[in-house]
Amino acid sequence: MQGTVDGFSYGAVTPLVAYLMACLGGALGLRCTTRSLLVTRSWRPAWLALGSAAIGSGIWTMHFVAMMGFTIKEAPIHYDKPITYASLGLAIVMVGIGIFIVGHRGATGTPLFTGGTITGLGVASMHYLGMAGVRFHGRFTYNTFTVAASVVIAVVAATAALWAAGQVRGFLWSVGASLVMGLAVSGMHYTGMAALGVHLDGASATAAGAPAASVLAPMLIGPLAFLLLAGVVVIFDPLMVMGRPDGRPVEHKPGVPAAALASHPDRRTAHHEDRRTAPREDRRPAHRSVSHGSRTPQNR
């Protein structure tokens with residue numbers, strides 16, 4: 001028996017809120033990735049781990065906010081909690097692998113392609129594992145071509161978002177990267193849902209289908225709280241918001257433009273370096289002239 005699916009039980013509310021959640025997680029995670037490109041190696045893993053958790057939580061929250069509007073009219077649906085939480089862990093781990101590759105190797109060339117591909121596959125894997133946790137009297141089937149299209153959308157958009165994050169060019173680039181990341185997650189989700197077919201067990205079908213908001217809402221509290229906490233970290237770190245270096249030693253890698261690294265040089269360090277490298281006979285007259293000039297007004 002073919003089931004009747006409604007993916008928009010609350011109209012445009014769930015798609016809009018889901019997209020905003022994906023953008024929020026993407027913005028926080030990509031800002032952390034950008035920050036990791038501006039600090040020394042010892043701090044980089046911490047920023048990348050925070051970014052991975054933020055993006056993974058944003059992906060997972062987006063998916064299940066969207067699923068609040070998903071109903072099967074002929075049957076109630078429930079969720080297997082272990083599988084549902086496993087999809088969150090899978091998203092964080094796979095996104096983390098992609099983020100760490102870009103954070104350590106730079107946001108260009110092979111590292112960008114590899115990191116973007118793994119991140120996009122993490123988005124897709126989270127979606128389909130999350131769908132495997134849906135329980136009802138029947139089974140899902142998928143259109144292979146549409147599933148492949150959803151994976152391609154996720155990979156391409158995730159790669160573009162990581163590239164934009166690696167440019168380190170300020171707040172507008174961060175906003176653009178987060179919008180692209182939100183598009184990757186939302187586009188992948190709804191393309192994947194378009195591939196969905198529902199087949200019911202005829203003897204078990206009932207007319208009691210209802211939205212699963214009451215089931216999903218308590219499960220979303222933890223990831224939402226984490227996103228808020230990550231947002232506080234961003235707010236109190238202006239360098240991460242604006243994408244500007246803080247004057248500490250930074251490794252030169254393809255993902256960080258040289259102009260961005262040189263935009264705020266440490267003048268004191270440069271001054272000492274000039275004095276250290278100047279010949280001794282060049283330094284001595286300049287020093288005497290300065291000291292003599294400072295005593296002249298007092299003699300007069």
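**Close-up views of a predicted model**

Trp60, Phe64, Tyr79 and Tyr85 form one aromatic cluster. This is a predicted model, where local features need pLDDT of at least 70, side-chain atom pairs count only at pLDDT 80 or more, and totals for chains, interfaces and linings use all residues. Residues are numbered from 1 along each chain as its sequence is written, and side-chain values use heavy atoms, leaving out hydrogens and water.

**View 1. Tryptophan 60 and tyrosine 85, a stacked pair.** Rings of Phe, Tyr and Trp (its six-membered ring) pair if their centres lie within 6.5 Å; planes under 30 degrees apart count as stacked, over 60 as edge-to-face and the rest as tilted. By this rule there are seven aromatic pairs. In one of them, the ring centres of tryptophan 60 and tyrosine 85 are 6.1 Å apart with planes at 15°, so this pair is stacked. Tryptophan 60 belongs to helix 2 (residues 44–67) and tyrosine 85 to helix 3, so the pair ties together parts 25 residues apart in sequence. (Helices, H or I with at least four residues, and strands, E with at least two, are DSSP runs numbered from the N terminus.) Buried or partly exposed: which is tryptophan 60? At 0% relative accessibility, it counts as buried, while tyrosine 85 is partly exposed at 40%. (Buried means under 20% relative accessible area, exposed over 50%, partly exposed in between, with a 1.4 Å probe and protein chains only.)

**View 2. Phenylalanine 64 and tyrosine 79, an edge-to-face pair.** Here the ring centres lie 6.0 Å apart and the planes meet at 75°, so the pair is edge-to-face. Phenylalanine 64 sits in helix 2 and tyrosine 79 in strand 3, 15 residues apart. Both phenylalanine 64 and tyrosine 79 are buried.

**View 3. Arginine 135 and aspartate 80, a salt bridge.** Side chains of opposite charge can pair when their charged atoms come close. A salt bridge is a side-chain nitrogen of Lys or Arg within 4 Å of a carboxyl oxygen of Asp or Glu, and the count by this rule is one. The closest N and O atoms of arginine 135 and aspartate 80 are 3.8 Å apart. This pair links distant parts of the chain, with arginine 135 in strand 4 (residues 134–135) and aspartate 80 in the loop between strand 3 (78–79) and helix 3 (81–105). Arginine 135 is partly exposed at 36% relative accessible area, and aspartate 80 is partly exposed at 23%.

**View 4. Helix 1, largely enclosed by the rest of the structure.** Of its 24 residues, 17 are buried, so helix 1 is largely enclosed.
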